[in-house]
Amino acid sequence: MTFDASPSADGLWTNLRSLDGQPCAIAVVDGRIAWTGAPDAAPAHTTRHDGQGALVTPGLVDCHTHLVYGGQRANEFAMRLAGATYEEVARAGGGIVSSVRATREASEDDLFTSASARLQSLLAEGVCAIEIKSGYGLSLEHERKQLRVARRLGEAHGVTVRTTFLGAHALPPEYAGRSQDYTDLVCREMLPALHAEGLVDAVDVFCERIAFSLAETEQVFQAAQVLGIPVKLHAEQLSDMGGAALAARYGALSCDHIEHLSQEGVDAMAAGCTVAVLLPGAYYTLRDTHLPPIAALRAAGVPMAVSTDHNPGTSPALSLLLMANMACTLFRLTVPEAIAGITTHAARALGLQATHGAIAVGMPANFVLWTLQDAAELAYWFGQRPVRCVVRQGRIAEGAV
Ligand code: NIG
Ligand code: FE
C-alpha cells in the first residue's frame, strides 16, 4: 500500500502499555497527539483502536545515514577479512571514492529506486524520521542529485527526512593533491547553491587523516554559519583530531562515531549541548576495538544517540533495533539509554526534538506498537521485527491494529 492510501490513525488508541509498564491510551486528532494518559481518564471518541496490550514507544529516529548511493562494496568486505584496514582500502583507491564512481553513474531514478528499498526496511521496523547525507557525489551536480533523491524519499514514503550536505566527505579524484581547492569549491559554490535550492538542513564533514583536516573542517563550518545552517561532524572515528571540540564551539547538533574522543572533547560537547551519536554498526564492521568513552559521556551528561550509519562501506545495516542491541552489548549502554538513543536523543541530534522522539500533546502522531511484553526486549532480540503497527505522520503506515 502506498503511504497516501494508508488509513488515518485518528481516534482513541486504548489497551497500550508504556515503556514503564503502565497501561496508557493515546488520542489522535487530525494526525496529531491530542491527549495521552491513563486509560480511565481518556476522552470519549467514536473511533477506537484496540492495541491488545501492545507496548508503545515513540516512532524511531535514525539520525545518521548515507542511504542514497550507487552500487555496493562487498569486495572491500572481503579485502578487510583478508587483513586490509579501512584506511588501507581507502588509500588504495577504494572506499568512499568507489561509491562516488557508482553514484555518479547512476540516474536520479536509479538512486531513488535502490534507496527506497533500503528505506522500506527501516520504516517497517518503526523509523518515523531519518537523516540522509550526501557525500557520494562530490560535485555540485551529483551532490544535488543525491539530496533531491533524499527529499523525494520523504515525500513518497511519508517520513520526515532531514538532509545533510556532506560535500566534504572525501577528496574527489579530479582534485587529487588539491584539497584546499576542493574545500573552497564546497564552501563557495556547492553549499550556497544547494542551500538556495532548499536542499540542505545541516552540514557535515568527515574530519580525519584520510579525509579533511581540522582547518578545512572549520572553513566548512564558517560557510555553514554564514548561511545559518546547523553543523554536525564525523569526529574522532579513526584518530583524535580535536574535531569534536571544534564542532561543539560551532554549536554542532551532534558529533558522530567518536571512538577516539578525548576528555577535552567530552567536556566541550557537554558545554555545547552537542549530542554524541554512537554508531556500533561501523565499529562492528571495521572490527574496531577502541571503544567510545561511554562512561565519560554519561558522567558529563552528554545525551547519547544510536544510529545505523547505513552506508555501503562501513555499516551496511538496515535495522535500528540491531544497533540498539549492539550499543548495549558492545558499548555497554543500558537498555533505557539505548531506547532513548533511537528516539528522544536521536531526534535532538537532528534538531527535531519539538516534533519527534516522544509521544507528547501537539506533536505529529508518530508511534510504534510492539508485540513485546517487556521494554528490555526492544534491545534483546535481534534478527526479527517485533512490530505490530507503525503510526507515521498520523497514518497507520505499517502493519495493522
Ligand atoms: O560514517 N566515516 C566516514 N563515512 C562513513 C563511511 C563511508 C564509506 O565508507 O562509504 C561512515 O562510516
Ligand atoms: Fe557516517
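Student: How much space lies in the second largest pocket?

Tutor: About 150 Å³. A pocket here is an open set of points on a 1 Å grid over the protein atoms alone, with protein on both sides within 12 Å along at least five of seven lines; a cavity is a set where a 1.4 Å probe fits but cannot get out, and lining residues have an atom within 4 Å of a point. Points are joined across faces, edges and corners, and the volume is the space filled by probe spheres set on them.

Student: Is this a model or what, and how's everything numbered?

Tutor: It's a predicted model, where local features need pLDDT of at least 70 and side-chain atom pairs count only at pLDDT 80 or more, while totals for chains, interfaces and linings use all residues. Residues are numbered from 1 along each chain as its sequence is written, chains are lettered from A and ligands numbered from 1 in the order in which they are written, and side-chain values use heavy atoms, with hydrogens and water left out.

Student: Ok, back to that pocket. Which residues line the second largest pocket?

Tutor: Among them are Tyr86, Ala90, Arg91, Phe206 and Ile210. H2 has the largest share of that lining, three residues, and helix H3 (96–105) also supplies at least two. Helices are DSSP runs of H or I with at least four residues, strands are E runs of at least two, and both are numbered from the N terminus.

Student: What classes are in the lining of the second largest pocket?

Tutor: Eight nonpolar, two polar and one charged. Ala, Val, Leu, Ile, Met, Phe, Trp, Tyr, Cys and Pro count as nonpolar, Asp, Glu, Lys and Arg as charged, and the others, Gly among them, as polar.

Student: And what's the volume of the largest pocket?

Tutor: About 390 Å³. It has 17 lining residues, and Thr85, Tyr86, Leu286, Arg287 and Asp288 are the closest to its centre. H1 (74–81), H2 (86–91) and H10 (280–285) each supply at least two residues of the lining, with H1 giving the most, three. The split by class is seven nonpolar, five polar and five charged.

Student: Switching topic: where does ligand 1 sit?

Tutor: In the largest cavity; sitting in one means that more than half of the molecule's atoms lie within 2 Å of its grid points. That cavity has a volume of about 100 Å³, and His66, Tyr86, His169, Asn311 and Thr314 lie nearest its centre among 13 lining residues.

Student: Which side chains have polar atoms by ligand 1?

Tutor: Arginine 73 has a polar side-chain atom 2.8 Å from a ligand oxygen. On the nitrogen side, histidine 169 puts a side-chain N or O atom 2.9 Å from a ligand nitrogen, and for glutamine 237 that distance is 2.8 Å. Ligand 1 exposes 330 Å² taken alone, and the protein buries 100% of that. Those areas come from the Shrake-Rupley method with a 1.4 Å probe.

Student: What does the shell around ligand 1 look like by class?

Tutor: Four nonpolar, nine polar and two charged residues.

Student: How many cavities does the search find?

Tutor: Three of 30 Å³ or more in the whole structure.

Terms used:
A polar contact is a pair of N or O atoms within 3.5 Å; within protein, one must be able to donate a hydrogen and the other to accept it, and residues adjacent in sequence count only if both atoms are side-chain atoms.
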